[in-house]
Amino acid sequence: MTTDLLSPFKLNDTLELQNRVLMAPLTRCMADDNLVPTQDMVEYYARRAQTGLIISEATIIRPDAQGYPNTPGLFTSEQIQGWKKVTDAVHANGGKMFAQLWHVGRVAHPHFFDGDVLAPSAIGVEGSVPRMRELTYITPKAATTDDIKSLVADFAKAAENAMEAGFDGVEIHGANGYLIDQFLHYEANVREDEYGQTPENMSRFALEVTDAVIAEVGNERTALRLTPGAYFNMSEDSRDKAVFDYLLPELEKRDLAYLHGGIFDDSTRFDSLEGKTTSEFLRAGYKGTLVGVGSYSFETAKEAINDAKFDLIAIGRPLIANPDYISKVANNEELVAYNDEMLAKLI
């Protein structure tokens, strides 16, 4: 039977989506200087409420999580109230919204906060802060076990804050070379304690964060984004596959709202994943609800879902260019082509 992407989809007993098209998390760097969502952000998200679910831009859980300018937070009362305006507007337009919870780990920069840059190991990455290229990355401090306990607690607190802000759930950002992903890859994790060396140990932090968030908001409102194939601020290692081979069945036991692949182009095949794409690898190891992403059109996403490659599709840049994306695809109208100039403002 052919799946209609614009028909409702029951995510679980708590949440039903109006269609299978999600708004992908898109970092826009448009919060104010206190990292509070602005009125422009309220209007930007409200215009996209026709999607089945909006996943917010990555939102930092505490000050030392920041690695980009003007990325919103979820750790002060002002930020919570700013997000409440966003979620109220999305709900008023019939939409649902998850907050993506973020710590960038070794690509944080002390320009934005006082204190250490934390990572699994004291291994830096070459490069500089996006939009502030004069700020080069520094060598991070290897997080102590006390640091890790604090990080787990702060992910859970951010999830609690997200519920106060009116979100329908949270997506933990465990992908794209950021903190949780750093624990999952050998290139960034050379620890010799209970958080390193073996697949079980290297998965421990991701699972502790997931369990802490579930304890706070429930499994039906908890999702996770993963990047099994290293490609962004990370180098591939053939040993990484074993980490995700262990992690994925553990996540399946937790009955998440969904698992979300983190990739810019899902046609990319990874040597470390035995030649599989991100969605192929995740689908083989995880039988729960899976979100595909990565340069899909509406038609190619429909084909992939009908071929059972994943269950839902997250759309990114086309939704920047077309706030009314759902109406346009429903009516076979031509989409406005995305271009990089669109990043300069919220439309």
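User: In the hairpin of β7 and β8, which residue takes a positive phi?

Analyst: This is a predicted model, in which local features need pLDDT of at least 70, side-chain atom pairs count only at pLDDT 80 or more, and totals for chains, interfaces and linings use all residues. Residues are numbered from 1 along each chain as its sequence is written, and side-chain values use heavy atoms, with hydrogens and water left out. Helices (H or I, at least four residues) and strands (E, at least two) are DSSP runs, numbered from the N terminus. Arg 131 takes a positive phi near 70° in this hairpin, where two residues lie between the strands. Strands pair if DSSP finds at least two bridges between them. Here β7 (residues 128–129) and β8 (residues 132–136) run antiparallel and are joined by two bridges, and Val 129 has Met 132 as its bridge partner.

User: Which strands form the closed barrel?

Analyst: In a regular strand the side chains alternate between the two faces of the sheet. The barrel here has eight strands in the order β3-β4-β5-β10-β11-β12-β13-β14, with parallel pairing. From one strand to the next the twist averages 30°; axes are lines fitted to C-alpha atoms, for helices over the stretch in contact, and angles run from 0 to 180 degrees between N-to-C directions. Two bridges join β3 (residues 21–23) to β4 (residues 53–60), with Leu 22 opposite Leu 53. Helix α6 (residues 240–253) packs on the sheet, touching β11 (222–226) and β12 (258–261), and its direction makes about 165° with that of β11.

User: Which residues are buried in helix α7?

Analyst: An α-helix has 3.6 residues a turn, so residues three or four places apart point the same way. Buried means under 20% relative accessible area, exposed over 50%, and partly exposed in between (1.4 Å probe, protein chains only). In α7 (residues 278–285) the buried residues are Thr 278, Ser 279, Phe 281, Leu 282 and Arg 283. These pack against α6, β12 and β13 (290–292).

User: Why does Thr 87 count as buried?

Analyst: Thr 87 counts as buried because its relative accessibility is 0%. This residue lies in helix α2 (residues 77–92). Leaving aside neighbours within four places in sequence, Thr 87 is in contact (heavy atoms within 4.5 Å) with Met 97, Ala 165, Gly 166 and Phe 167. Pro 72, in the loop between β4 and α2, is also buried, with a relative accessible area of 0%. Among its contacts beyond four places in sequence are Ala 31, Glu 57 and Trp 83.

User: How many residues line the largest pocket?

Analyst: Rolling a probe the size of a water molecule over the atoms shows where empty space is left. On a 1 Å grid over the protein atoms alone, a pocket is an open set of points where a 1.4 Å probe fits, with protein on both sides within 12 Å along at least five of seven lines; lining residues have an atom within 4 Å of a point. The largest pocket is lined by 37 residues, of which Pro 25, Leu 26, Thr 27, Phe 264 and Arg 317 lie nearest its centre. Two or more lining residues come from each of β5 (97–102), β14 (312–315) and α9 (317–321), and α9 gives the most, with three.

User: Which element gives the most to the lining of the second largest pocket?

Analyst: α10 does, with four residues. That pocket is lined by 13 residues, including Phe 298 and Lys 328.
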